[in-house]
Amino acid sequence: MQRRILAWFQAHRRALPFRDDPDPWRVWVAEVMLQQTRVEAMLPRYREFVARFPDPATLAAAEEEAVLAMWSGLGYYARARALHRAARRLARGGGEIPRAAAALKELPGVGEYTAAAVASIAFGEAVAVVDGNVRRVLARLFAVPGAPGRAAFERRIRELADELMRAGGAADPGAWNQALMELGALVCLPKRPRCGECPAAGACRARAAGREADFPERAPRPAATVVSTTRGVVRDAEEGLLLVRRRESPLRGLLDFPGGPCRAGESPRRALAREASRRYRLELVPGRALPPFPHQIMHRKITVFAFEATFAGASPDRLPEGARWVRPDHPPGIAAGAIFRKVLRLLPAP
DNA sequence: CACGCGTGGCG
DNA sequence: TCGCCAAGCGT
């Protein structure tokens, strides 16, 4: 399997500038720029950067402002500051870039991944890289359970990566590491893996089980934030019509009662009056409270406080833009959100 | 182990 | 239009 992956890499690898010339400084700069950044976005900036700062000493001599200027648009500017600090530290110590991953990792901005990448690609050290691509490829090849970030998953991936480096990667550590990452970037894609083009498909346990989309598992979403929102139900005295408005984004265009979110510490009644006035030019006075109920959207736990409400003064002759009256048994074909329907069910029969 | 850090491309 | 990232690191 490893021979097939390496052969595939030789045939399909992209021609990236730091591949033609595995100069340690160029590899280092490239790996830092590639942190959380796409190759296409990084390439032009990379060429400018290494032309302007061809070695650590040149970077060390530059002002931080000039370094950041060369980085502008790439994001994660702490990377540029760390690289600058690292270059200055090297300059004071004699200027040589450490050859071992363990020593590289001591430098600012150089973590487990970058240390292994530079040591293997530039110096041929047999240390395995583990990045997002490697996690995904190995999780599928070996059907590794668990989600990235979880200790058990990370431990197992690390074991597998180390073992593969020992087994078939050590002859050319840089090539093996890049082959695995390139496979993840071009074939073993996060969403729709191109298993038909994969040199390792025959050995892939996820593929054999028809479950390549199930690996790696998705990390559990962060805990839902708890918020409150309000709605006001205004009924026309004569016909029992309900006052509604069209939503702005999100759920733009859908029907809903006037109202909106409570600010921190704000009472629902006050929030209703404020939101109805500010957002919809409806001056409302909250009356009897309907039973509060929960509603969940994605990672938000919303408590909905609905009130019967009346106009602050006389009923306006013309409703503001976006507001209108509808029958309580609103005709089918009118799109309304879930909160609207839940509030509707709380209302007593007219 | 959670979080913040930036940006551009994609469905 | 918008959520979801993509070759991580430091705190």
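Guide: At 28% relative accessibility, Asp-162 is partly exposed, meaning between the cut-offs for buried (under 20%) and exposed (over 50%), with a 1.4 Å probe and protein chains only. This is a predicted model, where local features need pLDDT of at least 70, side-chain atom pairs count only at pLDDT 80 or more, and totals for chains, interfaces and linings use all residues. Residues are numbered from 1 along each chain as written, chains are lettered from A and ligands numbered from 1 in the order written, and side-chain values use heavy atoms, without hydrogens and water.

Visitor: Which residue does Asp-162 meet in a salt bridge?
Guide: Arg-158, at 3.2 Å from N to O. A salt bridge here is a side-chain nitrogen of Lys or Arg within 4 Å of a carboxyl oxygen of Asp or Glu. Both residues lie in helix α11, 4 residues apart, about one turn.

Visitor: And how many salt bridges by that rule?
Guide: The count is 17. Another one joins Arg-135 and Glu-154, at 3.0 Å. That pair links distant parts of the chain, helix α10 and helix α11; helices are DSSP runs (H or I, at least four residues), numbered from the N terminus.

Note on methods:
Helix = DSSP H or I, 4+ residues; strand = E, 2+ residues; numbered from the N terminus.
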